[in-house]
Amino acid sequence: MSTEIRFYHNAPDRLRVACVLSTKARAGGLRISVFAPDGGVARQFDQMLWGLQPLSFIPHVAAGSPLAAETPVVIGSRLDALPHEDVLINLGDELPDGFERFALVLEIVGPTDPERQAARSRYRHYKERGYILSAHDLAQRSGE
């Protein structure tokens with residue numbers, strides 16, 4: 001399996017974009033693992049999913065839940081604890097070890113210099129290893 005990597009640049013709110021991308025992937029029948037190494041980010045993302053669209057709830061749990069294997073979106077701070085391999089949403093600033101087991105990795109880049117620098121480093125790493133890369137500038141799109 002060859003992992004595809006998509007970068008979403010100029011995200012005004014990384015977590016909101018992650019919610020939108022989770023919704024789209026879920027609508028496409030995919031199962032999503034969300035890598036959130038920071039516990040505060042994981043909790044905030046969980047809360048945003050609860051309130052994103054009141055009429056279209058996205059089932060999600062933490063990686064430690066007994067329901068993780070059967071829930072479409074799983075949030076965790078360790079990649080090896082995430083059960084789904086369709087889509088990985090990386091909410092960390094570092095390249096997660098083991099990302100290559102996922103079919104698709106989504107990297108969301110915020111507007112700050114530290115976020116951009118960390119994303120450039122991850123992009124170089126992926127490119128040097130020959131991964132399929134695409135970039136999407138959210139500043140030029142409406143609705144996300």
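Contact here means heavy atoms within 4.5 Å. The model is a predicted one, where local features need pLDDT of at least 70, side-chain atom pairs count only at pLDDT 80 or more, and totals for chains, interfaces and linings use all residues. Residues are numbered from 1 along each chain as its sequence is written, and side-chain values use heavy atoms, with hydrogens and water left out.

**Exercise 1.** Work out where Thr-71 sits and what surrounds it.

*Solution.* 
- Step 1: Thr-71 is in the loop between strand S3 (60-62) and strand S4 (73-76); helices (H or I, at least four residues) and strands (E, at least two) are DSSP runs, numbered from the N terminus.
- Step 2: check the cover. Buried means under 20% relative accessible area, exposed over 50%, and partly exposed in between (1.4 Å probe, protein chains only). Thr-71 has 8% relative accessibility, so it counts as buried.
- Step 3: list the partners. Leaving aside neighbours within four places in sequence, Thr-71 is in contact with Pro-59, His-60, Val-61 and His-84.
- Step 4: look at the side chain. One of its polar atoms lies 2.7 Å from the backbone oxygen of Leu-67.

**Exercise 2.** Describe the backbone and the exposure of Asn-10.

*Solution.* 
- Step 1: Asn-10 belongs to the loop between strand S1 (4-9) and helix H1 (14-27).
- Step 2: its phi is positive, about 60 degrees, although Asn-10 is not a glycine.
- Step 3: Asn-10 counts as partly exposed because its relative accessibility is 29%.

**Exercise 3.** Take apart the largest nonpolar core.

*Solution.* 
- Step 1: settle the term. A nonpolar core is a set of buried Ala, Val, Leu, Ile, Met, Phe, Trp, Tyr and Cys residues joined through side-chain atoms within 4.5 Å.
- Step 2: The largest core has 26 residues, and Val-34, Phe-45, Ile-89, Leu-91 and Ile-108 touch the most other members.
- Step 3: trace the elements. Those giving two or more residues to this core are H1, strand S2 (32-35), helix H2 (39-51), S4, strand S5 (87-90) and strand S6 (104-108). H1 gives the most, with six residues.
- Step 4: A second, separate core of 16 residues includes Phe-7, Ala-68, Phe-99 and Ala-119.

Conventions
Polar contact = N/O pair within 3.5 Å; in protein donor to acceptor, adjacent residues only side chain to side chain.
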